[in-house]
Amino acid sequence: MSQRFTIPGFTLPGFFSTIGAHLPQWPHSLALATALNAAARTGLLPADTLTQLEGRSFVVEVLDAGSVASFVYRNGLFRPLLTVPVTPDLCFQANLSAFLQLLARQEDPDTLFFRRELSIGGDTELGLLVKNMLDAIEWPQLPQLSLFRR
Amino acid sequence: MAARKIPQLVCPAGSLPALRAAVDHGADAVYLGYRNDTNARNFAGLNFDHRSMVEGIRYAQTRHRQVLMAINTFAQPGRFADWQRAVDGAVELGVDAVILADVGLLDDSSRRHPDLRLHLSVQGSATNYEAVNFAHREFGVRRAVLPRVLTLAQVETVIRNTPVEIEVFGFGSLCVMNEGRCWLSSYATGESPNTVGACSPAKFVQWQKSPGGMATRLNGILIDCFADAEPAGYPTLCKGRFEVQGETYYALEEPTSLNVLDILPEIARIGVAAIKVEGRQRSPTYVAQVTRTLRAALDELARDERHFSVRPAWQAELARLAEGSQVTLGAYHRPWR
């Protein structure tokens, strides 16, 4: 496991967030909502948990990239929000490296949270529900190609 | 020289990926629970529905690992049948043992399922061998999980005076550890592990960010304030910083994690049957990290007990994962009684 590629902790240079904050944010929201809908359609996200997200708004902010994605779950679909809500039901904030480490299951969300590298705002129980939903996703196993073995 | 019998490694599974992570990284047994208040980690979105339970048990047992089902809360008035159903379900699913705390449920289960292997949960709060032997005599309990309040010498005394296998905690977050008897969470929120299966339930928790810091509240009660870079913890009453006679400090207990790597040879020597890792609420990543580290240490101990030494890499890996980033031996090594 230790021989696998690991994502290092890093912070993007300051100009990323300066420039990023001036760019339109809706493409991030659209991309994330589309990806989540695809995950829901393929059954990766459990239907019974999804129904508990009905009507709730979410903000995901990549601090060092200056980018924000916001969306709402309504009538069975994640829908991008064109304007970022001031008080979303749930807000995740972290640097890009922390989000990548989370997605790759290299770091535990609680560990990142305790170390203050991940911040969660809003409804704590909703946050726990989402965290546990993401933890329970069974990512499709990549085939063990001999090419990638050491 | 015959190799010493090393303790079994029992790891947490709050989800199917966490169960797979535990099995793949060397757990001898996993423990899990239903998605309801019959277990003491009844958190939103956590635990197993029927389908994932069936698949999880199959995954572990086909790899010759054990599955222990925690049904370790106390049956609420008028709802005893829910707890009975949970035990019946465990029997149907073919788990290797159930972990129970409620004396009524222990009695009922031992009568209705005489072949079912019963473990006494840490929530059952048996802190001496008389209590453990009572559970053995009355309900045929085969293993007891000891609360984290005993010193190693006290654990040894229990082991010497009981035929019941003894399981102790080896790694994970600590609280005041008055397990099965603690009502601090109810004091703040009206809900506690004994009643709803969760300590300081998330719906009562608030993280309040402000410039330069973050405050944590439990049902409105200020538990702690953290500067921006300061490691934070989950707001339970026992881990809060409070003002007492003009001084603000951890008035009940500092947030720490237990880590028994340093005393692993001692734990094996006194005959502990199993070491349990806390953390069904943690992610598959955490389970993989802790399991592989403890597996490596236990294997090393099995290979050569006399030359066992804790590798810095193991300690570094476990210290990183600790809540509050402080790792202690807990009560096992305590100068005071």
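Trainee: How far apart do the C-alpha centres of domain 1 and domain 2 of chain B lie?

Mentor: In this predicted model, the C-alpha centres of domain 1 of chain B and domain 2 of chain B lie 27 Å apart. Chain B is divided so that domain 1 covers 8-174 + 256-332, while domain 2 covers 184-250. Where the two domains meet, 14 residues of domain 1 of chain B are in contact with 9 residues of domain 2 of chain B. On the side of domain 1 of chain B that touches domain 2 of chain B, the residues divide into 4 nonpolar, 7 polar and 3 charged.

Trainee: Which strands form the open sheet of chain B, and in what order?

Mentor: Strands of a sheet pair through backbone hydrogen bonds, and the pairing is either parallel or antiparallel. Here the open sheet has 3 strands in the order β8-β9-β10 (chain B), and the pairing is antiparallel. Its edge strands are β8 (205-210) and β10 (221-227) of chain B, each of which pairs on one side only. From one strand to the next, the twist averages 20 degrees. If you look at one pairing in detail, β8(B) and strand β9 (residues 213-218) of chain B are joined in the antiparallel sense over 6 bridges, and V205(B) has L218(B) in β9(B) as its bridge partner.

Trainee: What is the phi of N219(B), and where does this residue lie?

Mentor: Most residues other than glycine have a negative phi. N219(B), although not a glycine, has a positive phi of about 50 degrees, and this residue lies in the loop between β9 and β10 of chain B. N219(B) is partly exposed because 19 other C-beta atoms are within 10 Å. In chain A, R116(A) is likewise not a glycine and has a positive phi, of about 70 degrees. The place of R116(A) is in the loop between α5 and β5 of chain A, and R116(A) is partly exposed, with 16 other C-beta atoms within 10 Å.

Trainee: At what angle do the axes of helix α1 and helix α2 of chain B cross?

Mentor: Two packed helices are described by the angle between their axes and by the distance between those axes. For helix α1 (residues 16-24) of chain B and helix α2 (residues 50-61) of chain B, the axes come within 10 Å and cross at roughly 5 degrees, which means that α1(B) is roughly parallel to α2(B). In the contact, L16(B), L19(B), R20(B) and V23(B) of α1(B) meet S52(B), E55(B), G56(B), Y59(B) and A60(B) of α2(B). The residues of this contact of α1(B) with α2(B) divide into 5 nonpolar, 2 polar and 2 charged.

Trainee: How many residues of chain A are in contact with chain B?

Mentor: There are 24 residues of chain A in contact with 29 residues of chain B. On the side of chain A that touches chain B, at least two residues each are supplied by α5 (109-114), β5 (118-122) and α6 of chain A, and α6(A) gives the most, with 7 residues. The residues of that side of chain A divide into 8 nonpolar, 7 polar and 9 charged.

Trainee: Is W139(A) buried or exposed?

Mentor: W139(A) counts as exposed because it has 9 C-beta neighbours inside 10 Å, and a residue with 12 or fewer falls in that class. W139(A) is found in the segment after α6 (124-135) of chain A. Although W139(A) and L44(A) are 95 residues apart in sequence, they are 7.5 Å apart in space, C-alpha to C-alpha.

How values were computed:
Residues are numbered from 1 along each chain as its sequence is written. Chains are lettered from A and ligands numbered from 1 in the order in which they are written. This is a predicted model: local features need pLDDT of at least 70, side-chain atom pairs count only at pLDDT 80 or more; totals for chains, interfaces and linings use all residues. Helices (H or I, at least four residues) and strands (E, at least two) are DSSP runs, numbered from the N terminus. A residue is buried if 20 or more other C-beta atoms lie within 10 Å of its own, exposed if 12 or fewer, and partly exposed in between; C-beta atoms are placed from the backbone. Axes are lines fitted to C-alpha atoms, for helices over the stretch in contact, and angles run from 0 to 180 degrees between N-to-C directions. Angles under 35 degrees count as roughly parallel, over 145 as roughly antiparallel, 65 to 115 as roughly perpendicular and the rest as oblique. Two residues are in contact if their C-beta atoms, placed from the backbone, lie within 7 Å. Ala, Val, Leu, Ile, Met, Phe, Trp, Tyr, Cys and Pro count as nonpolar, Asp, Glu, Lys and Arg as charged, and the others, Gly among them, as polar. Two strands pair if DSSP finds at least two bridges between them. Domain bounds come from an automatic or database domain assignment.
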